[in-house]
Amino acid sequence: MDLIIKNGTIVTAKDMYQADIGVKNGKVILIGKDLDHSDATMVDATDQLVLPGAIDANTHLGMPLDNIQSADDYESGTRAAACGGTTTIFDYVIQQPGEKIMDTLRKRKQLCEKEACIDYSFHATLTDVNPEILKDMEEAVQFGINQFKVFMIYSKEGMATDDGTLVKAMIRAKELGARLAVHAENPYIINMHTEEFLAEGKVHPWYHYQSRQEYVETEAVKRAVYWATSFNTPLYIPHLACKEGLDEISRARNEGYDILAETCPHYLYFTNEVYKYDGAQNYVCSPPIKGPESQDALWNGIKRGDVSIVSTDHCPFQSHEKNAGLDDYTKIPNGVMGIENMYPYMLSEANKGRLSFNKVVEVCSSNPAQFFGCSPQKGTIAIGSDADLVVYDPEKTFVVRPENMHSNVDHTIWDGVEFSGYPVKTFSRGKLVYDRETFLGEKGWGQFIKRQPLG
Ligand code: URP
Ligand code: ZN
């Protein structure tokens, strides 16, 4: 055996029990009492929890946007992830104009092979769904991805998908054993508000929220759900932020439709108040953070199981890039950070009693593994699973500061937030990659996770 984690309390989505974990060649090979082996590295986890590493199913690392790109590349993003207890990421790669999906995927995989510090896979964002792309989706599924994404928004940028094309992509994804993710906001209403606001000199980031209020997202979610239920195709709503959209998803799920909702830590912690104050530009993301009613609904959705996944939509930009839109909110690059904060935040909420630790493991690890076709290799602690393990100290208090984060970004919206409990060690396939605030991993360690089509 290479590694034994002793005396910890193992937490999976279903169980919580005391046992030792034995690891060999990156896999969990034994779970039991009083494990011992002379050659193994011993880690004492007395009074600590041992959890499966989180899977961040929504990241945008090194994402090109106009003439800049998101501020974390595969190296810094996965380094930060590891330091927050995340051991796998699924990154949304975006098809560039005229590009074939397989070219996008291969290029990104080559980058990850050099840069990623933890395991990774991709979802493919389609910006130009034409007959050739619909055909090529098959090769992408064989390559090992089982989710495609389209945007209802970004019409001015030429990346929006109209309803007819969206339905074609939904049907094609289903045929191939894949799921379509839809970025659900109504571009026409956003554009209408934006034109009015700019003409009236309303340029503060508050108007980013005002141009994309709850109804902008709700209508689009309802439309996506309507098409998915009409054509009986699997649907994924990433970064869900609004109550009435969730109500619609819950209704469809109750009727038996295969519809999954994902929300993000920033929607669970902050409210739209953040857009009123100094630094509002740093919270600009799409969909924007909504009001307290939506926040409560998202928490309730997690508890009842209608929000299946919590992931970050990590898409940070540096302060100077965010500040470039202080005189015109439409120039603020969209996206916020969270890759290092998701698991600590959700676990801290469990530690304070808001939800169970099992539930956090379910939404941050085992559900993404299951729905994205890599369970039980990922998402649990079981014999044969990858030894992606997090040792969590429920007594450790941690206050987020930009200087104690491990990403490349010069600020964080989580600055000053205090967590009750914190990950103290992260293992990626048995290798210690993070130990008490220090990153110990290496770029190039991460492996591509080939995911299975939907069953
Ligand atoms: O603001 C966001 N969410 N940026 C990332 C790209 C996207 O739209 O998902
Ligand atoms: Zn999106």
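G430 is partly exposed, with a relative accessible area of 23%. In this predicted model, the residue belongs to the loop that runs between β17 and β18. Leaving aside residues up to four places away in sequence, G430 touches L3, V23, G26 and A387. A pairing to look at on your screen is G430 with K24: 406 residues apart in sequence, they have C-alpha atoms 7.5 Å apart in space.

## S385, a buried loop residue

Where does S385 lie? Its place is in the loop between α13 and β16. With a relative accessible area of 1%, S385 is buried, because the cut-off for that label is under 20%. The residues touched by S385, not counting those up to four places away in sequence, are G26, K27, V28, P376, Q377 and T380.

## Two domains

Let us step back to the whole chain. Domain 1 is made of two segments, 3–51 and 378–439, while domain 2 covers 54–371. Between them, the contact takes 40 residues from domain 1 and 46 residues from domain 2. Taken over C-alpha atoms, the centres of the two domains are separated by 27 Å.

How much area do domain 1 and domain 2 bury between them? The value is about 3,600 Å², and 62% of it is on carbon and sulfur atoms.

## Polar and charged pairs across the interface

The count of salt bridges between domain 1 and domain 2 is two.

Which strands supply the side of domain 1 that touches domain 2? At least two residues each come from β5 (49–52), β16 (389–399), β17 (418–428) and β18 (431–435). The largest share belongs to β17, with eight residues. Sorted by class, this side of domain 1 has 21 nonpolar, twelve polar and seven charged residues.

A salt bridge to inspect by eye is the one that D119 forms with R429, where the closest N and O atoms are 2.7 Å apart.

## Backbone points to check

One runs from S286 to P287, with omega near -5°; P287 is found in the loop between α9 (265–269) and α10 (292–304). Another joins S375 and P376, with omega about 5°.

D66, although not a glycine, has a phi of about 50°. The loop between β7 (64–65) and β8 (68–69) holds D66. Is D66 buried or exposed? D66 is exposed, because its relative accessible area of 75% is over 50%.

E437 is likewise a residue other than glycine with a positive phi, near 75°. Its place is in the loop between β18 and β19 (438–439). E437 counts as partly exposed, at 36% relative accessibility.

How values were computed. Residues numbered from 1 in each chain as written. Chains lettered and ligands numbered in written order. Predicted model: local features only at pLDDT ≥ 70, side-chain atom pairs only at ≥ 80, totals over all residues. Heavy atoms only, no water. Domains from an automatic or database assignment. Contact = heavy atoms within 4.5 Å. Buried area = accessible area lost by both parts, 1.4 Å probe. Salt bridge = Lys/Arg side-chain N within 4 Å of Asp/Glu carboxyl O. Helix = DSSP H or I, 4+ residues; strand = E, 2+ residues; numbered from the N terminus. Nonpolar A, V, L, I, M, F, W, Y, C, P; charged D, E, K, R; others polar. Buried < 20%, exposed > 50% of the residue type's maximum accessible area, 1.4 Å probe, protein only.
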